[in-house]
Amino acid sequence: MAAENSKQFWKRNAKLPGSIQPVYGAQHPPLDPRLSKNFIKERSKVNAVPLKNKKASSFHEFARNTSDAWDIGDDEEEDFSSPSFQTLNSKVALATAAQVLENHSKLRVKPERSQSTTSEASVNYKVIKSSSDAQLSRNSSDTCLRNPLHKQQSLPLRPIIPLVARISDQNASGAPPMTVREKTRLEKFRQLLSSHNTDLDELRKCSWPGVPREVRPVTWRLLSGYLPANTERRKLTLQRKREEYFGFIEQYYDSRNEEHHQDTYRQIHIDIPRTNPLIPLFQQPLVQEIFERILFIWAIRHPASGYVQGINDLVTPFFVVFLSEYVEEDVENFDVTNLSQDMLRSIEADSFWCMSKLLDGIQDNYTFAQPGIQKKVKALEELVSRIDEQVHNHFRRYEVEYLQFAFRWMNNLLMRELPLRCTIRLWDTYQSEPEGFSHFHLYVCAAFLIKWRKEILDEEDFQGLLMLLQNLPTIHWGNEEIGLLLAEAYRLKYMFADAPNHYRR
C-alpha cells in the first residue's frame with residue numbers, strides 16, 4: 001500500500017522536479033508575492049499538469065501533503081518508462097525551456113529601447129505594466145529600469161544599495177559622505193578617546209546612534225571591555241593580549257588533527273566557506289585560515305559549549321571593523337595579502353578577544369540544548385502576543401511556531417536577515433546598551449517582526465509565511481532603517497522591560 005501511495009505522489013503533486021520556482025536568497029531578493037503568485041498560477045494553465053485544488057494552509061496539511069515526497073525506494077519502484085510519465089516530463093520540460101528562453105531574451109534588452117518594452121513582465125505570454133515601474137519612470141527618466149518581478153512595490157524610490165555594497169557606505173539615503181553634524185560627532189569621539197581616562201558612560205551614550213567609521217575600531221575595543229579606559233595602559237594591554245592569543249595557537253592548534261577534536265575542526269572547516277559567500281573578502285584562503293584558528297581556539301577554550309554552527313558568523317563584523325583600521329578603500333574586495341604579517345596578527349587577535357567578550361554574555365545560547373535561545377524565543381512569542389495580537393493569532397491560525405523562524409534570529413543575532421553593513425551599525429548600539437546582545441536583542445527582534453506585519457498578514461498559508469520570514473527583503477536597508485528599528489526596539493524595552501505585568505497575560 002505504501003509503495004502504491006508513493007508511486008502516485010508525483011502524478012498528483014503540482015510541484016514537479018525541475019519545474020520553475022521563484023528564486024529566493026541573498027542574491028535574488030524575494031519576488032513581489034502578488035506578482036509571483038499570479039505568475040505561477042497563470043503559467044500552470046499552460047502546463048498540462050493537474051494541479052491540486054486545495055493549497056496546504058497549515059503546517060499539518062503541509063506535512064501530510066509532502067510526507068511521502070522522498071520515501072526511500074521511490075526511484076526504484078517508479079516506472080519511468082511509462083508513457084504517462086514521459087508525456088508529463090516532456091510537457092514540463094517544454095514549458096520550462098520556453099520560459100527560460102523568454103526570461104533570458106528580456107534580460108538582454110538594452111535600456112535605450114522603448115520603455116514600454118523593458119518595463120513589462122511576461123505573465124503567461126500576456127503583458128502587464130508594473131505600477132512601481134510606471135511611477136519610477138515618471139519621477140526619473142534617466143534611471144535604469146529593473147525587472148519588475150524583482151521589485152518590492154512598497155520600497156521607497158531612492159538609490160538601491162547593491163548586494164555586495166561598500167561596507168563602509170552604510171547610508172542608503174544618498175546623503176553627502178560627511179555632514180557638519182557628522183564632523184561634530186567625530187570630533188567629540190576623538191576628544192573622548194584621547195582623554196587620559198575615557199568616560200565609558202559618555203562613550204556609550206555617543207555610540208548608541210552609531211559610531212563614525214574612523215573611530216569604530218578603538219571604540220569597539222573599549223566598549224567590549226577588551227581595551228582599558230586609561231590611555232597609558234592600552235598599548236601594553238594590546239601587546240600582552242595579542243601575545244597571549246598566539247600562545248594559544250602554539251599550544252592548541254596542532255591538536256585539531258587529534259581524534260577527539262576532529263569533529264569540531266571538520267565542522268568549522270565546512271562552515272567557514274559558507275560565511276558571507278557573496279563577499280569576496282571572506283572567500284580568500286588566508287582569511288578563511290584566520291577564521292579557522294579563531295573558532296577552533298575559542299571552541300577548545302570553552303568546552304561547555306564547544307563550536308556551534310552560527311558562531312562563525314559572529315567573527316565577521318569584528319574582522320571587518322579591525323581590518324578597516326588599515327584599509328582606506330572598501331574592504332570587501334581588498335586582498336589581505338597586501339597587509340604585513342604584524343597587521344594580520346593584530347586583526348586576528350583583536351577579533352578573537354572581542355568575539356570572546358561577546359560570547360561570554362550569551363554562552364547559554366550555545367550550551368547543550370541551547371537553553372538561552374529557547375528562553376528568548378519563548379519571550380519573543382509572549383512579547384509579540386502583547387504588542388500585536390493580530391500577528392500572533394495569524395501565526396497560530398496557520399500553525400507557525402516562533403521557533404521555526406526566530407531560532408536563527410537568536411542564534412545568529414539577525415546576521416542572516418540583514419546586510420553586513422547593517423549588522424555593523426546594529427552592533428554599535430548593542431555594545432552601547434547594557435546586555436545589548438542578550439537582552440536588548442529580544443526587543444530588536446520583536447520590532448523587526450512587527451516591521452513586516454502587513455506582509456505577514458497578507459500571507460494565508462503555512463509555506464508562504466515561512467518563506468517570507470526566512471527571506472525578508474532587507475537588501476536595500478541602510479542606516480535609516482536600522483535607526484528606525486532601534487528606536488522602536490527602545491520604545492518596546494521602555495514599555496515592557498521593567499513592567500512584568502504588561503509583559504505577561
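This is a predicted model: local features need pLDDT of at least 70, side-chain atom pairs count only at pLDDT 80 or more; totals for chains, interfaces and linings use all residues.
**View 1. T316 sits in helix α15, residues 316-323.** T316 counts as buried because its relative accessible area is 0%, against a cut-off of under 20%. Skipping the neighbours within four places in sequence, the contacts of T316 are T275, N276, F282, F291, M415 and L420.

**View 2. Helix α17 packs against helix α18.** Here we have residues 371-387 (α17) and residues 389-397 (α18), with axes 5 Å apart and an angle of about 125° between them. So the two helices, α17 and α18, are oblique to each other; roughly perpendicular would need 65 to 115 degrees, and roughly antiparallel would need over 145. On the α17 side, the contact is made by E381, V384, S385 and I387, and α18 brings in E389, V391 and H392. Sorted by class, the residues of this α17 and α18 contact come out as three nonpolar, two polar and two charged.

**View 3. Helix α12 crosses helix α14.** The pair is made of residues 231-252 (α12) and residues 285-301 (α14), and their axes come within 10 Å at a crossing of roughly 80°. Look for Y245, F248, I249 and Y252 on α12, which meet R293, I294, F296, I297, I300 and R301 on α14. What classes of residue make up the contact of α12 with α14? There are eight nonpolar and two charged residues, with no polar ones.

**View 4. A369 has a positive phi without being a glycine.** The phi of A369 is about 70°. To find A369, go to the loop between α16 (341-360) and α17. Is A369 buried or exposed? A369 is exposed, because its relative accessible area is 52% and the exposed label starts over 50%.

**View 5. E435 is a non-glycine residue with a positive phi.** For E435, phi is about 55°. Where is E435? E435 lies in the loop that runs between α20 (420-430) and α21 (436-451). With 56% relative accessibility, E435 counts as exposed, since the label applies over 50%.

Note on methods: Residues are numbered from 1 along each chain as its sequence is written. Side-chain values use heavy atoms; hydrogens and water are left out. Helices (H or I, at least four residues) and strands (E, at least two) are DSSP runs, numbered from the N terminus. Buried means under 20% relative accessible area, exposed over 50%, partly exposed in between (1.4 Å probe, protein chains only). Contact means heavy atoms within 4.5 Å. Axes are lines fitted to C-alpha atoms, for helices over the stretch in contact, and angles run from 0 to 180 degrees between N-to-C directions. Angles under 35 degrees count as roughly parallel, over 145 as roughly antiparallel, 65 to 115 as roughly perpendicular and the rest as oblique. Ala, Val, Leu, Ile, Met, Phe, Trp, Tyr, Cys and Pro count as nonpolar, Asp, Glu, Lys and Arg as charged, and the others, Gly among them, as polar.
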